[in-house]
Amino acid sequence: MTSVVSEVAWRELLERDDYQCLNCNSTTGLQPAHYRARSKLGSDSVDNLLLMCGECHRAHHDHKLIIKRIKGHFFFKDKRKW
Ligand SMILES: [Zn+2]
């Protein structure tokens, strides 16, 4: 998968989110996830992005991991069964 955000935005995102997946705290396979999907005109700026590992990112796209943003903080509802 190719990177969808600029190098600058990516570094800013890593710094802000402490180099770990916001949902599971994994530090490997990190990817930029869009809070508001690009297809819904979400922007590529850092305030529309969150740091996620590949697995959580995929779950999000499968609608198994719901993300809500409240006052600038992201909250997750994980519907996956383990
Ligand atoms: Zn994760």
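**View 1. H60 in helix α2.** H60 lies within helix α2, which covers residues 54-61, helices being DSSP runs of H or I with at least four residues and strands runs of E with at least two, both numbered from the N terminus. The model shown is predicted: local features need pLDDT of at least 70 and side-chain atom pairs count only at pLDDT 80 or more, whereas totals for chains, interfaces and linings use all residues. Residues are numbered from 1 along each chain as its sequence is written.

**View 2. The surroundings of H60.** H60 counts as buried because it has 21 C-beta neighbours inside 10 Å, where buried means 20 or more other C-beta atoms within 10 Å, exposed 12 or fewer, and partly exposed in between, with C-beta atoms placed from the backbone. Leaving aside residues up to four places away in sequence, H60 touches A33, M52, L65 and I67, a contact being a pair whose C-beta atoms, placed from the backbone, lie within 7 Å.

**View 3. H60 and H34.** The C-alpha atoms of H60 and H34 are 9.9 Å apart in space, while the two residues are 26 residues apart in sequence.

**View 4. The chain around these sites.** The chain holds two helices and four strands, which follow the pattern α-β-β-α-β-β along the sequence. Its radius of gyration, taken over C-alpha atoms, is 12 Å, close to the 12 Å from the globule rule for 82 residues, so the chain is as compact as a globular protein of that length; the rule is 2.2 Å times the number of residues to the power 0.38. Of the 82 residues, 23% count as buried.

Notes
Two residues are in contact if their C-beta atoms, placed from the backbone, lie within 7 Å.
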